[in-house]
Amino acid sequence: MAAESAKDMSVDLVAVERRLWSGRATFVSAKTTEGQIGIMPGHEPLLGQLVEGGIVNIVPVDGERIVAAVHGGFFSVTAGTVRILAESADFAGEVDVDEARKVLADDSASEEELRAAQGRVRAVEQVANA
């Protein structure tokens, strides 16, 4: 793990069922109920509620950008840490986009299922368009 510095921050992306990613990053963005937010090291502390079917982007110190579809949860920020605590989350590379599109086409799908599927498709499309 990289040494702590003023140019990066500790980030954890955790879902109820598993820890998806933990490490040092220079930037994190997510959509909260208050709107899209971007976090850089030294950001003012805040607590936000993640939207249903949203996307989280993490720019690690080392490695490729991480994109995950998240479904609900919270976003906690201090000067040196960001904690993303989602009800459920999937890395864009893990999403079965065909299955997500089937859910979107299913008239009997619940609102919650539709929002989660929309987030998964958006995460895959964001990586494909990067």
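Guide: Let's start with one term: a strand is a DSSP run of E at least two residues long, and strands are numbered from the N terminus. S29 has its place in one of them, strand β2. Keep in mind that this is a predicted model.

Visitor: Why is S29 called buried?

Guide: The word applies under 20% relative accessible area. S29 has 8%, so S29 counts as buried.

Visitor: Which residues is S29 in contact with, leaving aside its neighbours within four places in sequence?

Guide: Those are Q36, I37, G38, I55, V56 and N57.

Visitor: R24 is in strand β2 too. What makes R24 buried?

Guide: Try the cut-off again: R24 has a relative accessible area of 10%. That is under 20%, so R24 is buried.

Visitor: And how do you know that the side chains of R24 and D8 make a polar contact?

Guide: A polar contact needs a pair of N or O atoms within 3.5 Å, one able to donate a hydrogen and the other to accept it. The side chains of R24 and D8 are joined at 2.7 Å, so the pair is within the limit.

Visitor: What does R120 touch, not counting residues up to four places away in sequence?

Guide: A69, D90, V95 and A100. As for A25, it is 95 residues from R120 in sequence and 23 Å away in space, C-alpha to C-alpha.

Visitor: How many residues does the largest nonpolar core have?

Guide: It has 24, and V11, V28, I58, F75, V82 and I84 have the most contacts inside it. Strands β1 (9-15), β2, β3 (35-39), β5 (54-60), β6 (66-77) and β7 each supply at least two of its residues. There is also a second, separate core of 5 residues, including I55, V67, A69 and A92.

Visitor: Which residues is V11 in contact with, leaving aside its neighbours within four places in sequence?

Guide: W21, S22, G23, A25, V28, I58, V82, R83 and I84.

How values were computed. Residues numbered from 1 in each chain as written. Predicted model: local features only at pLDDT ≥ 70, side-chain atom pairs only at ≥ 80, totals over all residues. Heavy atoms only, no water. Helix = DSSP H or I, 4+ residues; strand = E, 2+ residues; numbered from the N terminus. Buried < 20%, exposed > 50% of the residue type's maximum accessible area, 1.4 Å probe, protein only. Contact = heavy atoms within 4.5 Å. Core = buried A, V, L, I, M, F, W, Y, C linked by side-chain atoms within 4.5 Å.
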